[in-house]
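Hi,

Here is the structure I promised to send over. Have a look at it first, then read on for what turned up.

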Amino acid sequence: MKALDRPDLIYDSQDRGNLPLAELREALKYRHLIVQLIRRDILTRYKRSVLGIGWTLLNPLGMMLVLTIVFSQIFKFATVYGYPAYVLSGLLAWTFFAQTTNAAMVNLVWGGGLLNRIYIPRASFGLAAIGTGMVNIVLSTIPLLFVMLITQVPIHPSILFLPVSILLLAAFALGVGLLLSTMAVYFPDVAEMYQIVLTAWMYLTPIIYPEEVLPESIRFWVTHLNPMYYMVNIYRIPTYYGRWPTWPEFLAALAIALVALIVGWIVFSNKSDEYAYRI
Amino acid sequence: MLTVSDPKVAVSRLPIGLDEAIHIEKASVQYRVPHERIPTFKEYMIRKLQGKVRHHLFWALKDVNLSVHRGEVFGLIGPNGAGKSTLLKLIARVLRPTEGRVVVRGRVSPLLEMGAGFHAELTGRENVYLNGTILGFTRREIDAKFDHIVDFAELWDFIDAPLRTYSSGMWARLGFAVATDVDPDVLIVDELLSVGDESFQRKSAARIEAFREQGVTILLVSHNMETIASICQRAAWLEHGKLMAVGQVADVVAEYRKNQPH
């Protein structure tokens with residue numbers, strides 16, 4: 001009866017302690033589960049398609065092609081380098097954010113009721129969603145580099161900053177995803193509402209247009225008060241602009257990511273006992 | 001006689017007695033069932049401001065006290081909707097009680113719904129790893145027991161085929177094999193002795209028997225009174241979320257039967 005007296009295997013429902021810290025401990029303990037969930041998401045997404053994971057590379061290219069044809073013909077945006085790499089770099093950062101936050105929410109609320117059957121850390125779903133998105137954004141950076149080569153956008157050593165950019169994006173997306181999950185557990189309509197918010201938010205962020213086209217009157221609002229402006233930029237600067245971010249650019253993105261992550265994690269884990277009651 | 005300052009008293013103030021595997025103290029679970037569905041956030045806020053959000057509070061369990069000893073095979077009986085599953089969820093850590101306290105010592109393996117985390121598009125092998133980590137194991141631990149799991153499920157020929165090609169019996173066998181290859185201290189069995197064909201049923205019954213011999217605490221839920229009476233030592237009868245009787249299995253089953261409409 002080896003394990004019976006191991007203190008870490010005694011569960012006491014009254015011993016709640018610090019919920020955010022407890023959730024962090026449990027998530028670390030279940031890290032193998034999170035890896036398996038990421039594996040599952042990636043393997044099953046394209047399991048029946050012929051090109052398989054190739055779609056992760058083709059999808060953003062297709063989007064870029066459509067947007068390039070539409071916008072370079074109609075609006076003739078002036079960008080530093082070619083428009084294709086500009087729009088693709090913005091799209092990759094945006095798609096990462098939109099998909100992972102949505103997946104974090106959907107996996108928890110409609111996660112097949114796993115939560116109702118067996119104990120697993122509640123944050124596993126959000127963490128796995130972000131992990132899946134990180135694999136995807138790393139893969140889809142390959143077509144970006146390819147497009148940059150073709151359209152003669154110079155690639156600089158600043159590209160080495162990209163892993164930091166992706167981590168910052170991931171931290172921000174995790175925080176927002178956990179906040180959304182908490183809200184969606186109480187009000188399932190949040191999931192539907194969020195789709196509309198995402199569409200509006202995307203057009204309010206300089207992704208498919210350069211920020212210079214915005215009239216002075218609204219430019220301040222769209223850029224400085226929009227956290228996604230900083231997050232998209234932190235991905236675009238080391239790739240498309242080919243330079244290291246300045247300290248203010250980096251610190252702004254870092255602060256936004258950390259605040260979102262900490263607030264999201266605390267709100268989410270403080271409500272984590274409620275989920276099994278409501279889902 | 002012990003005095004308060006006696007060190008032995010301090011020991012007895014441990015959360016629960018050392019011979020207890022499960023200790024449930026005045027545990028209650030309350031679900032909030034809204035009287036009418038409030039479909040949107042906006043409407044919810046309007047009604048909240050008007051004070052019109054009405055919930056019907058429903059106690060799925062009320063003031064349940066229960067103590068299951070180490071190495072005991074304990075039966076839970078009661079009609080549908082009595083709160084048996086809710087009680088199992090409290091023990092499996094899925095739900096935290098609204099009121100009261102639940103203490104469980106050791107590793108719990110819930111056979112609540114085996115194969116719950118299985119994914120039809122993944123192969124048997126991938127699903128063993130996925131389900132193993134859901135049960136809290138590391139990759140290396142699953143590596144070590146992988147052969148044993150597939151041996152028991154008798155699925156070597158299909159282990160690299162996607163689960164959607166499995167029959168429901170094969171699916172259940174794999175689920176049972178993963179969920180019981182766990183070396184648990186507390187095993188929760190919910191009406192699951194009827195997995196697979198007859199020979200597999202014998203095998204799974206033998207595995208549960210082996211657990212019992214090793215001194216694993218087993219909590220068994222069944223509507224089959226013969227099963228309960230033949231396997232369990234003690235039992236509890238739940239009805240409408242309340243504990244009606246606890247005691248020797250024969251007494252509890254007899255009491256329960258006397259009160260059921262025929």
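Salt bridges first: a search of the whole structure, which is a predicted model, turns up 16 of them over all chains. One of them sits within chain A, where the side chains of Glu26(A) and Lys29(A) come together with N and O 3.7 Å apart. Both residues belong to helix α1 of chain A, and they are 3 residues apart, about one turn of the helix.

How many salt bridges cross the interface of chain A and chain B? The rule finds 4 there.

Chain A puts 41 residues into the contact and chain B puts in 50 residues. Together they bury about 4,300 Å², with carbon and sulfur atoms giving 56% of that area. There are also 9 residue pairs in polar contact between the two chains, both residues being at pLDDT 80 or more.

Which elements of chain A give two or more residues to the side that touches chain B? They are β1 (10-12), α1 (19-29), α2 (31-45), α7 (189-203) and α11 (272-278). The largest share is that of α2(A), with 8 residues. Sorted by class, this side of chain A has 20 nonpolar, 6 polar and 15 charged residues.

β1(A) is joined by 3 bridges to strand β4 of chain B (residues 99-105), and the two run antiparallel. Within this pairing, Ile10(A) stands opposite Arg105(B).

Last topic: aromatic rings. Over all chains, the structure holds 23 aromatic pairs. One of them is Phe161(A) with Phe250(A), an edge-to-face pair at 6.0 Å centre to centre, with 80 degrees between the planes. This pair links distant parts of the chain, as the two residues are 89 residues apart. Phe161(A) is in the loop between α5 (124-150) and α6 (162-186), while Phe250(A) is in helix α10 (residues 247-270).

Happy clicking!

Technical notes
Residues are numbered from 1 along each chain as its sequence is written. Chains are lettered from A and ligands numbered from 1 in the order in which they are written. This is a predicted model: local features need pLDDT of at least 70, side-chain atom pairs count only at pLDDT 80 or more; totals for chains, interfaces and linings use all residues. Side-chain values use heavy atoms; hydrogens and water are left out. Contact means heavy atoms within 4.5 Å. Buried area is the accessible area (1.4 Å probe) that two parts lose on being put together, summed over both. A polar contact is a pair of N or O atoms within 3.5 Å; within protein, one must be able to donate a hydrogen and the other to accept it, and residues adjacent in sequence count only if both atoms are side-chain atoms. Helices (H or I, at least four residues) and strands (E, at least two) are DSSP runs, numbered from the N terminus. Ala, Val, Leu, Ile, Met, Phe, Trp, Tyr, Cys and Pro count as nonpolar, Asp, Glu, Lys and Arg as charged, and the others, Gly among them, as polar. Two strands pair if DSSP finds at least two bridges between them. Rings of Phe, Tyr and Trp (its six-membered ring) pair if their centres lie within 6.5 Å; planes under 30 degrees apart count as stacked, over 60 as edge-to-face and the rest as tilted.
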